[in-house]
Amino acid sequence: MVASRFLPFLLIGPSILLGASTADALRMEYNRDVRPILSNACFKCHGPDAAGNPSGLRLDVPEFARAPHRSKTGRITTALVPGKPDASEVWRRLIAKDETTVMPPPNALHQLSDRDRTVIRRWIEQGAHYQPHWAYAAPIKQAIPDSRGGSSPSHPIDFFIRAELKAKDIEAAPPADRRSLIRRLSLDLTGLPPTPVETATFLADQRPAAYPDLVDRYLASPHYGERMAVPWLDLVRFADSTGLHGDQLYNNFPYRDYVIAAFNRNKPFDQFTIEQIAGDLVPNASTDQHVASGFNRLNMVTREGGAQVGEYLAKYASDRVRTVSTVWLGSTLACAECHDHKYDPFTIRDFYAFAAYFADVKQWGVYRHFVYTPEPELTVHTDDYPFPPEIEISSDFLKNRDARLRATFARSLATGGRALLADPDGAAAVQTWARLVAPWIHTPSSDPWIPIPVDQATSTNGVITIPRPDGSVLFENPPSYLDDKYKKPPTRHQLSFATPEIPLATVRIEFLPDIAHGGFVTRDRRDLFDIDIALAVQRAGEAKPQALALAEALAECETENYFNGRRVMSLRDGWRSSVRLAREPQAAVFQLPIPVTLAPGDRLVATITSKPVNFHQRAALGEIGRIRVSVSPLSGSLPGEPADSVRFPAGALTPADAGFEQTAVAYFRANAAFSDSERVQVFRDILDCREGRTSTMVTVAQEPRVTRVLPRGNWQNESGDVVDPSPPKFLGGIPTAESQGRGTRLDLARWIVSPTNPLTARTFVNRLWKQFFGTGLSSAVEDLGLQGEYPSHPELLDWLAVEFMESGWNVKSLVRLIVTSQTYQQSARERPELRPLDPQNRLLARQNARRLDAEFIRDHALFTSGLLRPELGGPSAFPYQPEGYYAQLNFPIREYVADHDDRQYRRGLYTHRQRTFLHPMLANFDAPSREECTPARNVSNTPQQALTLLNDPSFVEAARALAEQLQAYPQTERLNQAFERVLTRPPSDAERASLEKFHAAQLAAFRERPDDARKFTAIGLLPVKAEHDAVELAAWTAVTRALFNLNETITRY
Amino acid sequence: MIDPLHHVRQRQVAWSRRTFLGQSAQAIGALALGSLLNPRLLASAGPSTDGKWRGVLRSPHFLPRAKRIIQLSMAGGPSHLETFDPKPRLNALHGQPFPESFTKGQQLAQLQHERDGLRARGSPFAFTRCGLSGQMICDLLPHTQTIADDICIVRSMHTEQINHDPAHAFMNAGSITKGRPSFGSWTLYGLGAEADNLPGYIVLMSNGPGNDQPISARQWSAGFLPSQFQGVQFQSKGTPVHYLGNPDGICQSMQRQLIDELAVLNGLSAEKTLDSEVQTRIAQYELAFKMQSSVPELADLSKEPQSTLDLYGIKNPGDGSFASNCLLARRLVERGVRFVQLYHRGWDHHSNIDANLPAACKLVDQASAALVKDLKRRGLLDDTLVIWGGEFGRTPMGQGSGRDHHINAFSIWMAGGGIRPGITWGSTDELGYRYLDDGQQMHVHDLHATLLAAFGIDHERLTYRYQGRDFRLTDVHGKIARGILR
């Protein structure tokens, strides 16, 4: 670690350092030079953790270190005698030859180098002055001299960076060329490269304001929020699934939308903080603030049978402490879960006092009711249920999608109807149909449903069926039923009906409450029933009924059916009735793909089977009580859409009539629309939009659970003290409590962003710096504590931290400050001459190249090929994924279904995140699984990355899409176009020559095998355009595929 | 008589030459070599130009015996009472109340609601004393009985996690905190890879007949270690490695043209930017291409002689069964893969254990034994460590017709790679409830320490600096069971 730091003597080199004459001139600074050595090698046993310090000697606190200390053998010594190393026990121990005396002990992991020892000796000689840990002292904003006319730069960042460079006699790198600059800025601020037009405009704009204007334009781009959201979502461990055991899905994408919008609207960071930690506690909290409070629900949870409630609540609590202390404080408070911190002054009590703030968050240790771990509120929950508490909100993305899909659906129906009119046979068919069905549907009430009384009814398990005058059937249990109900097989009811002789397009089944059942829809006064429904036709004279296929089936009223946490609108896989409507009529509608007409003597047969009752749910699950069946010649309507009969004009029977076209559309809709699978898919997609409504997990406060100190982190140990919420004592103890009494999450959030907190602004600024330079000013962005790294430019970090707070926690203004510095705009070209001096470029004598994050590598290919859907927010998307990847998931068993429409081309940050099986493209490019707060991603360079860019269908398809666009240009212009889009520059002569040869070779190969060319260019959802020659297109796709695989393409220089 | 340490020194020389010096040391840089364990430097140093991942250890801490490991992970938790730990007293107590002195104050999973009515459940299956070593093995494992003299049975295993998911995490990473590296990743991080055309850590999956417990990819995660050390799961469907197959219509020779073209273009770009990462990128494309060529050959079991297929009991080579995976595992270690982990789901016998356990045994017994025999006859067993076992054991108390999860005692076996064969290590009390503190108790941390020792690694000295702390696989625990090492 020492080698990576920029201390003056390191740049001189150890041999000079050890020469006494030079070293005398060097001033040892505790924070910079000494503390890292002591912390790493000594504090583990001579630091804050009393339990790990058998000798009782502390070297981290000057009062202890300078006072006489009695050793175990009774010897009295003084660890540090200022100015007198030879009288200091520390020095004697460091140089002792005897194995029992020398420190650190010979078996210790961390030994000191000669250099370390020299530093300590000099430090003692110079008075052994301690300093408070840099990150725990209030940051100070140094004045920047006004440099107008002077030689030092006026930009504060450049002032600090250049001062260090100047001291080392190093020249800053020249500015990057303007193409590199716009590409860098665009990638850094939006996660997308510039378009060729943007680049050309910028190149032509010679005004001094051209660059600052560009900065403002990118800061105003809606894609800025998406780019900024990615690292934040890593920190808060945002994902779509629970991460434990069955890894079921969460409903929480509105939280992601909130984060994107917060960055785009430049929500002050203090507000942003408060809303996430305590949005629900803010007076008159808005919907957005409730959504933001979903932050507290992003931890992993379980619903595994046998899991211990207390154990998991303890896990969730410690996860929250780890996350909040890392995200906002840059602290490793997590280490104090089992014992006092080994290096920093956090006590185990601090850990649990911090956890106590979150003790009010309503959440279950085990998200399901089991008899051995009862959770009475969750009795009906299965593996498929979502994770309460949730609220229902409206999503702009879903509303827009819903409107677009409805328009598509309506257009397709209108086209179908009009096509009928254009054809004389079609028009005749419409007329015949309208005449046939009109008498049945134009009742005075305009009710399109024709009730059909039950003809015959049989039920298993001795259930009694009683016909009612309204055509419904009442079911009654046999007298002994309730006693042994759960030992019986599921009840099966078979009902048959005669129908009018018209083409039937839909069947409706109503489930009715009855006074005989206490007003419940179930006959056993329970909250809901869970059934399968099958329809069939029994033709007269045939032995067996013929099953009817269903195009779609849906409930007319609100029901809550789930698969893996998500609302399922279709009833094709059965119907779980609504709990909330347990005493209201509920109905389901079944749409047939092709209408069926029953002849006299034929019967419609409905078979209703109750699903087996889960042992754990027997208290809630009941059996159906009373049903009524109706049919209609018209198609089912969409939610929010008026029923067809209302729109179906009576008597519009000749093509000349004004309403005839509408009749034709109704005919088409009822008779043909649902036999087309693509149209049915659109219909289903509309249902799934739920008119824009969606659920999202939120924080709901309840009576706080008791929080105790858990000795050794053992959740079963109840001997520890009960603690009240409090921030870590050494950071200021009890905050000003809004409310008298117990501290709340709101108090915590306000303390975190209070101006007296030395950590929050530093932590955020340091991470943001890493985003733009590749390394934080303190490289350990996750730990600003004693084991972290002393910053390369501590005054700059302080200056930025204070500036950030003074600006009102203005994130955009901080970003603008960074990217308008000369330091940021330098060339990233490596400088081999500086490598020995500054191998990691911490002095920033140039910019750093940085490989793009996984999400942006995907975005880059989609954007430059024109495939990217630019819409913001919305539910997670499902890009192509290798087959069978979810084979090891269970409860429920899952299959990955890739998006079948343009959601396929959504940005990487929207990719569905299954915590236990992260999408392989994201995983291969180091995206974290978001099981744990991740302040910094790994950056690896592996063969899996090569395989992904080479062979992942998303990238192959993007290459083809780009190649298709190139076809519009003359041959000679194509390479230029491709380079401008993908690399923001024209090709060099050498590149052009090489690629032309490559193109020719690939073209020749595809000419030999045109079938392969067709296969290669057919990869992906994007339809192949007929006008392109497959061989030609394939050869150009080979070229664009090469560009997408270049190191330069996935690197920001 | 020659110097008794002669062979030790010889092996050390051979080891260091083959594993470290032979792999063009210049790329990693003198800086990293000079500092034994400086992970940040290592991470930034990246792989060597020949594409292999080098480990951080320059020389082993102890005499290394194992170079590779095949872990047969019996996911779900096999009952020790019906496999390797016979308990006549328990059988005698069958159906009787389980003595409260054993269970009082103890953590139980699903059995807790039956606390008042815990009853002993004996095993209906017989055990046989096997081989010259006379180790006791249940008759449900007839093939395993034939390798009794090759394996070391550990009966004193115990863990801290009572549910599958965390117990797997604990078995793999010695911690249930997410983001900790798995055992395989630690091994690779320490020792590097031997193969230059295959990942160093490969995971295979097979299923029992039932509705099995899920397994998360985090079990082979590199956690906070650099991502190149993570396990790569070979898929049973499609191509074995994600994105391994060329796009439709692209043959290997066209792919080769592309790789060559990329080397040219990347080289041109490097001249301009002087970006040192480019050389690594070029090397990774070469390695990827080699993987594309070698993996299909590797995964193709059809060329194996019938006698070998019969030895493992493979009916359809490459069908993703446990038997096929065992053979694949042998082929992987033959080609220098450091760590192979086979998950077999199907041991969670909460009910009907009398029927389900024999079925589960039948699915794995023959191939597990065949793997040991096959490695042995090829001379690979000496430095390949095979380990067989689950994430925990099962209660000696009945749970209906089955047994619940149990953390206080379970059995595993190990073979090869420096493990003393033909011995039984550790024991449990007379009812098989808890390991005995007889100096042979084996906590998961102890197992990790012992396995790392077999690889020549001191578990206290293989560390990684993260969040200001030096993390290790064994956290602050772990005692090497010297007695089971040769």
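Predicted model: local features only at pLDDT ≥ 70, side-chain atom pairs only at ≥ 80, totals over all residues.
Colleague: So how much area is buried between chain B and chain A?
Modeller: About 7,800 Å², with carbon and sulfur atoms giving 53% of that. Buried area here is the accessible area (1.4 Å probe) that two parts lose on being put together, summed over both. Tyr243(B), Arg281(B) and Gln467(B) supply 11% of the area that chain B buries against chain A, more than any other three residues.
Colleague: OK, and how many residues does each chain bring to the contact?
Modeller: Chain B brings 90 residues and chain A brings 98 residues, with contact meaning heavy atoms within 4.5 Å.
Colleague: How many salt bridges between them?
Modeller: The count is 1. Arg218(B) pairs with Glu931(A), and their closest N and O atoms are 2.5 Å apart. A salt bridge needs a side-chain nitrogen of Lys or Arg within 4 Å of a carboxyl oxygen of Asp or Glu.
Colleague: Switching topic: what does helix 33 of chain A look like?
Modeller: Helix 33 runs over residues 953-966, so 14 residues, and reaches 20 Å from its first C-alpha to its last. That's close to the 20 Å expected at 1.5 Å a residue, the expected span being 1.5 Å times one less than the number of residues. Helices are DSSP runs (H or I, at least four residues), numbered from the N terminus.
Colleague: Is helix 33 of chain A mostly covered or mostly open?
Modeller: Mostly covered: 12 of its 14 residues are buried, meaning under 20% relative accessible area (1.4 Å probe, protein chains only). Among those buried are Phe955(A), Arg960(A) and Leu966(A). The buried residues pack against several helices of chain A, including helix 30 (854-864) and helix 37 (1030-1044).
Colleague: Last one: why does Gln825(A) count as buried?
Modeller: Because its relative accessibility is 10%. Gln825(A) sits in helix 29 (residues 822-825) of chain A. Leaving out residues up to four places away in sequence, Gln825(A) touches several residues, including Pro175(A), Arg184(A) and Tyr211(A).

Methods. Residues numbered from 1 in each chain as written. Chains lettered and ligands numbered in written order. Heavy atoms only, no water. Helix = DSSP H or I, 4+ residues; strand = E, 2+ residues; numbered from the N terminus. Buried < 20%, exposed > 50% of the residue type's maximum accessible area, 1.4 Å probe, protein only.
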